[in-house]
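Welcome! The exercises below walk through one structure, with a worked solution after each task. Try each task yourself before reading on.

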Amino acid sequence: MASLRTALAEGVKEWKSQVQAMAHDIHSNPEVAFEEVRSSEAAAALLAQGGFTVERGTGGLPTAFTATVGSGDLKVALCVEYDALPDIGHACGHNLVAGASVAAALALRPYVDELGITLKAIGTPAEESGGGKVLLLERGAFDGIGLALMAHPVQDGLTYNPAGTSAQAMGRYKATFIGKAAHAAAAPHLGINAADAAVLSQVAVGLLRQQIPGDHRIALFVAEAGHATNIIPERAVVEFECRAFTLREYEALLERVRGCFEGAALATGTTLTIEATEPAYEPLMQDNALAAHWTDAMYRFGKDTTSSARMSGGSTDMGNISQVIPTLHPWLSIPGANVPIHSHGFAAFADSPEAYSVMFEAATALAWTIADSATTPNERERFIKSAYHRQASTRERMS
């Protein structure tokens, strides 16, 4: 096993210049959810160059892809993220996620037959918003997969030991208030002000925050609330999200937040509709065996692998994968990155030499984790038995 680890590490080094150029290009040309045309093609093209068979447009998503090599009975997925955030670019470091997964896949390719695996690098768009992995899961991209992996960058100071860490369940919604327009000076008493309902809902949610557990999260913004000062606004839109670490807590929180909007509608005489704007994200579950292999690799790189409390916030559509497939989603602390993710400062760190250095360590650790899992008999058997198979819908069963 030591010789294989050495070979995989050398494989990562062999592709270092091409992978770093790809990651830098993705960072320099940020593309938001479902618009990652250049980014997805950069990753897919490099994998094709490395000997993978690439299918573009996986699951009907134009910026998704599946790159496959091998034919073993253990099917492994490396998730390749590449979407950016609006306005602030790669402030979540998805260029590094892509780089780590692609480098690990390229290093593993010569050894897939020896390991008895079918290796898939799956390009998964729209993690920041849109739930790309949820859609791909529903549409068959992960059928037959026994384990799924990726690594995500975070600020400096977090442990590299993912055991027991998690991410929150999360849902995003749009609340629309409909009132009645009227002249704001000549006949304001004939109007029903939808903007007032938006204000009251914000106040209600703000007061609710005192009464919820400290690890719950509510965020919102007013997307629309009028267009001219002399018109009573007849339509207002508030977009909001709720997060909690368990589905039960999330659903309870969502009901309380709904009550805030319903109360605002009642107080103002407006009508209210609330609709989901994207698939809900489920809590993240780390597989203990995969976490142990990863932690051992990071210990060998001299990283902090002390045990850690669960993450205090954040959500990922990898959570949905983890609910049905053994999953590893470790946190990758960038040395010197003393700013929070989703900030301009972190976007700059995501294109730094320190970030790329740890990205290649992550690629090596991912490759080692897959190799260790494939060559540990009891784990291999468990992962094969855990292979995901969708439940056919009523329509599919009747056709």
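**Exercise 1. How much space lies in the largest pocket, and what lines that pocket?**

Before starting, note that this is a predicted model, where local features need pLDDT of at least 70, side-chain atom pairs count only at pLDDT 80 or more, and totals for chains, interfaces and linings use all residues. Residues are numbered from 1 along each chain as its sequence is written, and side-chain values use heavy atoms, with hydrogens and water left out.

Step 1. A pocket is an open set of points on a 1 Å grid over the protein atoms alone, where a 1.4 Å probe fits, with protein on both sides within 12 Å along at least five of seven lines; lining residues have an atom within 4 Å of a point. Grid points are joined across faces, edges and corners, and the volume is the space filled by probe spheres set on the points. For the largest pocket this gives about 1000 Å³.

Step 2. The lining consists of 41 residues, and Glu128, Arg172, Glu241, Arg243 and His342 lie nearest the centre of the pocket.

Step 3. Now sort the lining by type: 21 residues are nonpolar, twelve polar and eight charged. Here Ala, Val, Leu, Ile, Met, Phe, Trp, Tyr, Cys and Pro count as nonpolar, Asp, Glu, Lys and Arg as charged, and the others, Gly among them, as polar.

Step 4. Strands are DSSP runs of E with at least two residues, helices are runs of H or I with at least four, and both are numbered from the N terminus. At least two lining residues come from each of β6 (152-154), β7 (169-178), β8 (217-224) and β9 (235-244). The largest share, five residues, belongs to β8.

**Exercise 2. Is Glu241 buried or exposed, and which side chain does Glu241 join in a polar contact?**

Step 1. Find Glu241 in strand β9.

Step 2. Glu241 has 13% relative accessibility, so this residue counts as buried; buried means under 20% relative accessible area, exposed over 50%, and partly exposed in between (1.4 Å probe, protein chains only).

Step 3. The side chains of Glu241 and Arg172 are joined by a polar contact of 2.9 Å. Such a contact is a pair of N or O atoms within 3.5 Å; within protein, one must be able to donate a hydrogen and the other to accept it, and residues adjacent in sequence count only if both atoms are side-chain atoms.

**Exercise 3. Which helix gives the most to the lining of the second largest pocket?**

Step 1. The second largest pocket holds about 180 Å³ of space.

Step 2. Its lining includes Ala9, Phe301, Tyr356 and Trp368.

Step 3. Both α1 (2-14) and α12 (353-374) supply at least two lining residues. With six residues, α12 gives the most.

**Exercise 4. What is the order of the strands in the open sheet of six strands?**

Step 1. Two strands pair if DSSP finds at least two bridges between them.

Step 2. Strand β3 (residues 74-80) and strand β5 (residues 147-149) are parallel, with three bridges.

Step 3. The order is β1-β2-β4-β3-β5-β11, with mixed pairing. At the edges are β1 and β11 (327-328), each pairing on one side only.
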